[in-house]
Amino acid sequence: MVTARKITERLQDVPIAISAVSADKIAERDNVRVSELASAVPNVTFSGGPLAAITVRGVSSQSRYNPGFDSGIGVYIDGVVQGKSYTFDSPLYDVERVEFLRGPQGTLFGKNAIGGAISIVTRNPSFTPTGQFELSTGSFNRFEAQGFVSAPLSSALAVSVGGFRVKRDGYVRNLLDNRRFANDDSYGGRAKILWKPSDFVKLVFSADYLNEDNYGYVDEISAGYGGPTGRYESNVNTPTLARRKSKGVSLTADIETGFGATLTSITAYRWAENQRTNDSDVGPLSIVVSESASKQTQFSQELRLSGKLGDRINYLIGGYLFRQDTDNFAQSTFGPDSRFAPLRGQVGNTFGEADTEAVAAFASVDWEFVDKLTATVGIRYTDEAKRLNYQQKGFPLIGAPNLPQEFDRISATDVSPTFTLRYQPSRAIMVYGTASKGFKSGGWNVDNITSPRITTFKALRFDDESLWNYELGIKAQFLDNRITFNADVFRQDYSDIQTPQLTQVLGGGGAVVAIVTNAASARLQGLEAELTVRPTGILTLNGVLGYTDAKYSKYTDGALNFSGNRLPGAPKWTGNLSATLRVPVSDDWSLGARGEYLYRSSTFDDRENSAARTRPAYSSVNVSAGIYGKHFDLVGFVNNLADNQDVILVANGGFPAPIGLGLNTLVTRQLGRTWGLRLAGRF
């Protein structure tokens with residue numbers, strides 16, 4: 001069962017492109033975070049960490065940190081939106097399922113779901129005592145522990161507590177000081193209270209906390225300043241810190257009314273912090289160091305009423321309020337090794353507040369106007385206001401201006417409709433067609449201002465973007481559900497795209513900011529297919545295929561013309577093949593094995609589709625085997641079995657004279673083979 005349309009229904013009955021990954025499948029794949037699940041979903045990529053970047057059908061969130069820019073992919077935990085991208089990559093220790101919704105979800109999920117939504121559903125307390133734990137070890141001294149326990153306190157009250165701890169050494173060695181980068185040091189937990197004072201009222205209170213304190217990945221240097229280094233070796237004087245914290249509380253109430261409808265309220269308050277440092281010259285000398293920090297608070301309130309009118313009409317109506325305050329800071333410091341003496345010791349800051357307030361009303365009606373044929377009409381009205389209070393102390397000597405404190409405000413209204421026609425001749429087969437609209441409001445480019453032509457923050461605005469999605473799909477099951485086949489084809493018309501262009505700053509080769517403009521429109525079209533076959537009771541075969549042709553239909557910038565180029569971050573092909581075998585050896589025990597092949601074709605990182613910023617195709621084979629019992633499992637696994645250590649990206653770094661000692665060539669490399677052993681228990 002899934003809740004993609006804010007009601008509980010079978011996945012095979014949902015007339016949208018959706019993939020759901022259950023807790024059992026998450027355990028089979030040995031996934032720790034949501035980003036690791038993306039390879040099991042067609043036309044979705046997700047690079048995790050504090051600078052999470054998600055692409056769905058060619059629509060991307062921005063991987064750089066810019067407080068004035070919102071993601072185009074919405075991430076929700078138990079119905080609560082995660083306001084900033086550095087909170088997206090959630091751990092999976094107490095998750096019941098993760099739903100990936102492809103295509104705009106503006107009608108029911110609202111702003112910033114123009115490309116799709118990821119809905120994470122965590123476990124609720126149970127009135128039956130239950131619990132589980134997992135202990136894992138593996139490559140790079142990996143240690144992982146996670147657990148979940150639930151118990152009743154009375155006939156009306158139950159509680160649950162879950163938590164995790166991950167500790168793993170880094171796999172990148174820094175030559176200058178022998179430190180290890182690209183590690184994992186994180187922990188967190190969630191507690192819930194379920195109260196059912198009557199058969200008609202259910203209240204769930206939830207509180208969660210997450211802490212990560214890591215060193216991020218640092219590139220190899222293949223040539224030039226600071227190099228060459230070897231594989232998985234860096235040579236910097238300042239580590240790339242990647243720290244984040246998040247916490248939140250929520251109260252979800254479901255009330256069965258006296259007239260056959262359900263009233264649902266979700267009230268939530270969340271806090272988040274993010275801190276990063278970066279050696280901007282990517283070398284062993286103190287030339288330029290950059291750092292950024294952000295603090296975010298948000299309040300959200302959703303209220304909705306769902307029910308039936310007779311036997312043929314289902315309805316859902318609701319309202320939504322969202323408030324977000326962010327306090328942001330970015331700084332660059334020129335060190336004593338800069339070759340340009342006037343800049344040594346100089347510090348530049350860009351800092352301030354960017355706040356959002358949005359209110360919305362929405363409604364959706366399913367009408368089975370003839371037997372087996374249902375029409376759905378949905379609509380959402382959004383009124384959103386954003387406020388900016390920012391200033392910059394720059395480096396006028398190299399073109400980064402000083403900008404005094406300034407206040408600015410932008411607002412937007414939008415109507416996002418959905419129209420769906422669904423034909424379901426039997427429980428086993430459903431075909432549908434959908435037209436839906438998505439919307440994302442504008443913002444500001446406050447990711448360090450580097451042009452002396454900029455004299456006011458108002459000049460840094462960019463406008464709203466919108467997308468229309470047209471989709472035809474089929475969901476079918478055959479042979480007593482031993483075969484499940486879901487597929488769709490789609491076309492998306494993407495207008496006024498908030499397009500980030502990577503621009504060099506501070507005179508550096510690799511020091512860049514992302515400047516967003518609305519210069520482009522695009523056509524995105526493709527197909528998605530998912531197949532599950534259970535030829536016997538002990539074998540399950542799965543196949544996933546996604547194809548996206550994502551190209552600018554019109555994009556000019558002065559004399560430059562990028563029309564016909566592919567959108568950044570959008571692979572043409574994504575795929576996954578897996579086989580899972582479980583052979584019973586007794587009533588309580590079985591032997592099992594699983595193999596998986598995943599593939600993602602090449603992508604571009606820029607609008608020019610340049611060879612220098614091309615990410616080559618990626619593939620991996622992952623395997624696992626173990627013994628599975630009623631109460632315990634012991635499983636060994638190997639990821640990237642072939643030990644592919646392919647280069648993912650080649651880019652420029654360093655600073656040319658007169659600021660630095662020259663450029664260098666940076667290499668990002670795929671992690672090689674890793675192994676692990678997991679012990680799991682449950683009651």
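**Cores, strands and rings**

Student: Is Y555 buried or exposed, and what is its relative accessible area?
Tutor: Start with the scale: buried means under 20% relative accessible area, exposed over 50%, and partly exposed in between, using a 1.4 Å probe and protein chains only. Y555 falls in the buried class, with a relative accessible area of 0%.

Student: Before we go on, what kind of model is this?
Tutor: Residues are numbered from 1 along each chain as its sequence is written, and side-chain values use heavy atoms, with hydrogens and water left out. Local features need pLDDT of at least 70, side-chain atom pairs count only at pLDDT 80 or more, and totals for chains, interfaces and linings use all residues: this is a predicted model.

Student: Which residues touch the most other members of the largest nonpolar core?
Tutor: A nonpolar core is a set of buried Ala, Val, Leu, Ile, Met, Phe, Trp, Tyr and Cys residues joined through side-chain atoms within 4.5 Å. The largest one here has 35 residues, and those touching the most other members are V98, F100, I118 and Y494.

Student: And which elements give two or more residues to this core?
Tutor: Strands (E, at least two residues) and helices (H or I, at least four) are DSSP runs, numbered from the N terminus. The elements you want are β2 (44-47), β3 (53-56), β5 (73-77), β7 (95-102), β8 (116-122), β29 (483-504), β30 (512-536) and β31 (539-557).

Student: Which residues does V98 touch?
Tutor: Contact means heavy atoms within 4.5 Å. Leaving out residues up to four places away in sequence, V98 touches S19, A20, V21, I26, V34, L37, L92, I118, S119 and I120.

Student: How many residues are in the second, separate core?
Tutor: Among its members are A113, A117, Y320 and F322. This core is separate, and its residue count is 18.

Student: Now the strands. How many bridges join β14 to β15?
Tutor: Two strands pair if DSSP finds at least two bridges between them. β14 (residues 184-198) pairs with β11 (residues 157-168) in the antiparallel sense over 12 bridges, with L157 partnered by W195. β14 also forms a hairpin with β15, with two residues between them. β15 (residues 201-215) runs antiparallel to β14, and the bridges joining them number 11.

Student: Which residue in β13 stands opposite V172?
Tutor: β12 (residues 172-174) and β13 run antiparallel, joined by two bridges. Opposite V172 stands F181.

Student: What is phi of Y232 near?
Tutor: Y232 is in the loop between β16 and β17, and counts as buried at 12% relative accessibility. Its phi is positive although it is a residue other than glycine, near 55°.

Student: How many residues apart are Y187 and Y209 in the chain?
Tutor: Y187 is in strand β14 and Y209 in strand β15. The pair links distant parts of the chain, and the two residues are apart by 22.

Student: What is the angle between the planes of Y555 and F562?
Tutor: These two form an aromatic pair at 5.2 Å centre to centre. The pair is tilted, and the angle between the planes is 50°.

Student: Last one: which ring does R582 lie over?
Tutor: A charge sits over a ring if NZ of Lys or CZ of Arg is within 6 Å of the ring centre and within 35 degrees of the ring normal. The charged end of K247 sits over W271, 5.7 Å from the ring centre. For R582, at 3.5 Å from the ring centre, the residue is Y628.

Notes: Rings of Phe, Tyr and Trp (its six-membered ring) pair if their centres lie within 6.5 Å; planes under 30 degrees apart count as stacked, over 60 as edge-to-face and the rest as tilted.
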